[in-house]
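Student: Hey, I've just opened this one and I'm a bit lost. Can you walk me through it?

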Amino acid sequence: RGGAGTVYVKPASDPLAQLILDGGGTPMGAQTPVSGVGEVRSLILANGADGRFTDLGTVHAPLSITNSASGQFNVPVTVDGPLSITTNTTGQFAGALSMSGDLDIADGSTGRFAGPVTIPPSDVDITNGSAAYFDSGMTFPGSLIVMGNSSWLTDQVLAQVEGENLVLGLNWIDWLAQEDSLAGVRSKVVTTRQVLFTSRTHRDL
């Protein structure tokens with residue numbers, strides 16, 4: 001459990017140990033400097049912990065900052081998995097951040113990324129009063145659309161606006177899919193096309 005001045009030293013017998021900093025009632029503002037950390041299996045800061053990392057190897061599983069915790073990473077960080085900053089927490093990354101999983105910032109939390117961020121084409125969720133600041137930009141090998149919520153695509157709304165929202169949603173899907181040929185581009189007009197038979201024989205066939 002972290003208090004001010006706690007230093008983590010990785011056990012030599014476990015080259016990929018799990019590192020957990022649990023504030024456990026530590027007074028706010030009591031920082032926990034962390035050094036001597038190489039590769040870790042996962043990294044969790046929770047319950048008011050305030051970790052300051054001056055070196056860190058690859059995190060091979062989720063990096064999680066949760067429950068009013070705070071993490072400041074003053075070195076480049078590589079996360080071989082998802083990164084979550086949730087429940088009134090703050091994550092600050094001074095160096096480059098490279099990750100291979102989802103980025104989730106939720107429930108009144110803040111992510112600050114001073115260095116460049118590289119993320120795969122996966123989910124980026126910034127929800128419920130949270131914020132993210134990318135000072136050096138984000139490399140995202142794909143396309144990204146930011147919207148407030150999905151209520152405009154509910155059945156109730158679609159029934160009232162005569163298909164305009166549905167057309168917008170389909171256009172977004174087209175843009176995200178980046179169709180390579182004109183044959184793959186959907187018609188802009190949403191119409192109901194019924195199959196009509198000229199005789200009962202044709203219908204039965």
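Predicted model: local features only at pLDDT ≥ 70, side-chain atom pairs only at ≥ 80, totals over all residues.

Student: Okay, sheets. In what order do the 6 strands come?

Tutor: The 6 strands form an open, parallel sheet in the order E1-E3-E5-E8-E11-E14. At the edges sit E1 and strand E14 (124–126), each pairing on one side only. Neighbouring strands in this sheet are turned by 5° against each other on average, direction ignored; the axes here are lines fitted to C-alpha atoms, for helices over the stretch in contact, with angles from 0 to 180 degrees between N-to-C directions.

Student: And what counts as a strand, or as a pair of strands?

Tutor: Strands (E, at least two residues) are DSSP runs numbered from the N terminus, and two strands pair if DSSP finds at least two bridges between them.

Student: How many bridges join E5 to E8?

Tutor: E5 and E8 run parallel and are joined by 4 bridges. Serine 64 stands opposite serine 84 in E8.

Student: What about the sheet with 4 strands?

Tutor: That open sheet has the order E7-E10-E13-E16, with parallel pairing. Its edge strands are E7 (77–79) and E16 (138–139), and each pairs on one side only. Strand E13 (residues 117–118) is joined to E16 by 2 bridges, and valine 117 has methionine 138 in E16 as its bridge partner.

Student: Switching topic: which residues have the most contacts inside the largest nonpolar core?

Tutor: That core has 28 residues, and Leu43, Leu63, Phe73, Leu83, Leu97 and Phe113 have the most contacts inside it. Elements giving two or more residues to this core include strand E1 (18–22), strand E3 (42–46) and strand E5 (63–66). A nonpolar core means buried Ala, Val, Leu, Ile, Met, Phe, Trp, Tyr and Cys residues joined through side-chain atoms within 4.5 Å. Buried is under 20% relative accessible area, exposed is over 50%, and partly exposed is in between (1.4 Å probe, protein chains only).

Student: What does phenylalanine 73 touch?

Tutor: Leaving out residues up to four places away in sequence, phenylalanine 73 touches, among others, Leu43, Phe53, Leu56 and Phe93. Contact here means heavy atoms within 4.5 Å.

Student: How many aromatic pairs are there?

Tutor: The structure holds 5. Phenylalanine 73 and phenylalanine 93 are stacked, 4.8 Å centre to centre with 10° between the planes. Rings of Phe, Tyr and Trp (its six-membered ring) pair if their centres lie within 6.5 Å; planes under 30 degrees apart are stacked, over 60 edge-to-face, and the rest tilted.

Student: Are those two buried or exposed?

Tutor: Phenylalanine 73 and phenylalanine 93 are both buried. Phenylalanine 93 also stacks with phenylalanine 113, at 5.4 Å centre to centre and 10° between the planes. Phenylalanine 113 is buried too, with a relative accessible area of 0%. One aromatic cluster is formed by Phe53, Phe73, Phe93, Phe113 and Phe134.

Student: Last one: which residue forms a salt bridge with aspartate 50?

Tutor: Arginine 52, with the closest N and O atoms 2.4 Å apart. A salt bridge is a side-chain nitrogen of Lys or Arg within 4 Å of a carboxyl oxygen of Asp or Glu, and the count by this rule is 1. Aspartate 50 is buried at 10% relative accessible area, and arginine 52 counts as buried at 15%.

Terms used:
Residues numbered from 1 in each chain as written. Heavy atoms only, no water.
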